[in-house]
Amino acid sequence: MRVLVTGGAGFIGHNLVKTLLSNQYQVNILDIVSNEDSRVKTLIQMGANYFQGDIRDLAAISKAGQGCSHVVHLAAQTSVSASMENKTLNDEINIGGTRNIIEFVNTGEIKKVVSASSAAVYGNCDQMPLIEESAGDCLSPYAESKFQNEQDLLTMVNDDIGVHVLRFFNVYGPGQGTDSNYAAVIPSFIDNIILGNSPTIFGDGNQSRDFIEVSDVISLILLILIDDSETPNDIYNVATQTETSIQELLTLIGNSVSQTESSIEIPPASYQSKRSGDIDSSCASISKVKSAFGWQPKIELKQGILSLVEYELRS
Ligand SMILES: NC(=O)c1ccc[n+]([C@@H]2O[C@H](COP(=O)([O-])OP(=O)(O)OC[C@H]3O[C@@H](n4cnc5c(N)ncnc54)[C@H](O)[C@@H]3O)[C@@H](O)[C@H]2O)c1
């Protein structure tokens with residue numbers, strides 16, 4: 001199987017590509033990041049075919065997708081604040097780019113598409129756990145574009161092609177930048193604690209999120225790629241169905257740092273006022289994805305954080 005991974009140089013994408021390559025899949029990557037980027041160089045050395053290009057350019061997609069039978073579409077403008085500052089650009093990349101992916105998929109040899117959506121499509125919905133039908137209260141152009149992608153993928157892709165849309169919650173793991181929109185709180189807390197700086201909590205720290213380790217996300221994508229049971233095209237939450245407060249998260253990270261490197265003193269948190277637009281709690285129902293693909297997340301947050309802290313202290 002040759003898989004086209006768009007956004008393969010990004011956080012989830014590069015972890016996915018590494019796993020695909022080590023499982024003997026062939027991989028083509030399409031991403032705007034330069035092929036001089038160190039992460040990209042590593043993926044090329046591991047055997048990936050890298051195509052530097054933009055999903056707004058249909059010809060670039062067709063070139064990168066040559067010979068592929070499956071597509072994992074992760075490339076996106078991923079910043080909520082950037083989407084507020086420049087909705088036009090956000091929509092060109094996320095809506096226009098995804099429509100180009102659909103056009104390519106419909107004219108090529110593609111059998112199946114797995115595409116990234118986001119928990120952002122739930123906005124302030126407070127019926128926890130969040131079920132797939134409750135989406136639509138979009139609070140930003142980013143969320144609106146992801147919601148539009150879902151409709152486009154389910155209605156515009158040819159009937160004989162499998163399409164599965166995954167609403168990722170807060171994904172964390174190795175190689176995530178502190179500028180990421182989702183679980184950036186994790187690399188940011190870890191970095192600050194290691195450097196002896198106070199981690200910042202916005203609000204009282206009681207706000208909660210549903211964190212999922214990237215390898216659990218990848219195991220689901222792999223299951224979907226090889227699934228031959230003709231599961232109907234649909235949308236799924238991808239999370240752990242476990243709510244963790246930011247305060248609990250900080251305690252977990254502090255304990256993991258102490259356990260790994262006892263000489264590091266854990267600085268106290270500093271508190272700032274709640275950021276506008278921050279939702280109070282988020283927790284997904286994962287019943288639908290479990291019953292469709294027999295998948296369930298394996299990595300508990302405590303274990304995932306400890307591994308990540310060990311990785312960060314080693315690198
Ligand atoms: N990380 C999370 O917790 C999370 C949560 C919800 C949804 N998502 C979605 O999952 C996907 C992957 O997220 P991520 O965290 O790996 O983000 P990321 O920002 O690390 O990766 C996105 C990749 O897309 C590439 N890209 C951006 N614009 C492009 C363009 N015009 N053409 C080609 N490539 C382009 C970037 O260079 C980057 O490598 C995104 O669609 C994101 O919206 C992620």
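So, salt bridges: a search of the whole structure finds 9 of them, where a salt bridge is a side-chain nitrogen of Lys or Arg within 4 Å of a carboxyl oxygen of Asp or Glu. Before I go through some of them, a word on what we have here: this is a predicted model, in which local features need pLDDT of at least 70 and side-chain atom pairs count only at pLDDT 80 or more, while totals for chains, interfaces and linings use all residues. Residues are numbered from 1 along each chain as its sequence is written, and side-chain values use heavy atoms, with hydrogens and water left out.

Let's take E36 and K41. Their closest N and O atoms are 3.6 Å apart. E36 counts as exposed because its relative accessibility is 55%, and K41, at 37%, is partly exposed. My cut-offs there are under 20% relative accessible area for buried, over 50% for exposed, and partly exposed in between, with a 1.4 Å probe and protein chains only.

Next, E144 and K87, which form a salt bridge with 4.0 Å between the closest N and O atoms. This pair links distant parts of the chain: E144 sits in helix α6 (residues 141–156) and K87 in helix α5 (residues 87–107), 57 residues apart. When I say helix or strand, I mean DSSP runs, H or I of at least four residues for helices and E of at least two for strands, numbered from the N terminus. Both partners are partly exposed, E144 with a relative accessible area of 38% and K87 with 40%.

Now please look at E150, also in helix α6, and R167 in strand β6 (residues 162–168). Are these two buried or exposed? E150 is buried, at 0% relative accessibility, and R167 is buried as well, at 3%.

While we are at α6 and β6, the loop between them holds D159. D159 counts as exposed because its relative accessible area is 78%. Its C-alpha atom is separated by 9.2 Å from that of N233, which is 74 residues away along the chain.

On to helix α1, residues 11–22. From first C-alpha to last, its 12 residues reach 17 Å, close to the 16 Å expected at 1.5 Å a residue; that expected span is 1.5 Å times one less than the number of residues. How many of its residues are buried? The count is 9 of 12, so α1 is mostly covered. Among the buried ones are F11, H14, N15 and L21. After the helix comes Q24, with a positive phi near 70 degrees.

Last, strand β4, residues 70–73. H70 and V72 point one way and V71 and H73 the other, and all are buried. Which strands does β4 pair with? One is β1 (residues 2–6), in the parallel sense over 4 bridges, and another is β5 (residues 112–118), again parallel over 4 bridges. Pairing here needs at least two bridges found by DSSP between the strands.
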